[in-house]
Amino acid sequence: MAQRDEALAQIAALSRDFTALVDAAESSNADDEHDPEGATLAFERQQLAAVLDLARARLHEVERALVQVRDGSYGRCERCGDAIGAERLAARPAALACIACARTAPGA
């Protein structure tokens with residue numbers, strides 16, 4: 001699946017960027033607490049870590065959808081069991097809930 005390949009490529013690129021950022025910070029003698037640039041480095045590291053976490057979550061969603069395709073449950077709402085609309089699946093292929101259930105879900 002193309003989305004899985006895209007997610008894996010994004011994770012690989014972000015992981016390389018994160019490693020490079022950490023290595024650069026370690027090789028410098030900057031003191032994050034007292035160096036004016038230190039806060040920026042820490043912020044960039046945390047921001048990159050958050051984006052990497054989101055990419056990993058996306059990969060997990062795609063892989064879960066692939067399992068659903070294999071077991072025949074893909075396209076069915078996990079809450080009510082109704083079909084998830086084609087438009088929703090086109091926009092969000094890893095959707096687990098139909099529009100109605102997504103609207104009533106806590107935090108939706």
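The sulfur of Cys 98 has its closest cysteine sulfur in Cys 101, 3.7 Å away, and that's too far for a bond. A disulfide here means a pair of cysteine sulfur atoms within 2.5 Å, and a search of the whole structure turns up 0 of them. Keep in mind that this is a predicted model, where local features need pLDDT of at least 70, side-chain atom pairs count only at pLDDT 80 or more, and totals for chains, interfaces and linings use all residues. Residues are numbered from 1 along each chain as its sequence is written, and side-chain values use heavy atoms, with hydrogens and water left out.

**The cysteines**

- What is the closest cysteine sulfur to the one in Cys 101? It sits in Cys 77, at 3.7 Å, which is again too far for a bond.
- Cys 98 is buried, with a relative accessible area of 9%. (Buried means under 20% relative accessible area, exposed over 50%, and partly exposed in between, using a 1.4 Å probe and protein chains only.)
- Cys 101 counts as buried too, at 11% relative accessibility.

**The chain as a whole**

- The secondary structure comes to 4 helices and 0 strands. (Both are DSSP runs numbered from the N terminus: helices are H or I with at least four residues, strands are E with at least two.)
- Read along the sequence, that gives the pattern α-α-α-α.
- The chain has 108 residues, and 22% of them count as buried.
- Take the contacts between residues at least 6 apart in sequence: 49% of them join residues at least 24 apart. (Contact means heavy atoms within 4.5 Å.)

**Gln 68**

- You'll find Gln 68 in helix α2, which covers residues 38-71.
- Is Gln 68 buried or exposed? It's buried, with a relative accessible area of 8%.
- Leaving aside residues up to four places away in sequence, Gln 68 touches Ser 73, Tyr 74, Glu 78 and Leu 96.

**Ala 102**

- Ala 102 belongs to helix α4, residues 99-104.
- At 18% relative accessibility, Ala 102 counts as buried.
- Ala 102 and Cys 77 are 25 residues apart in sequence, and their C-alpha atoms are 9.4 Å apart in space.
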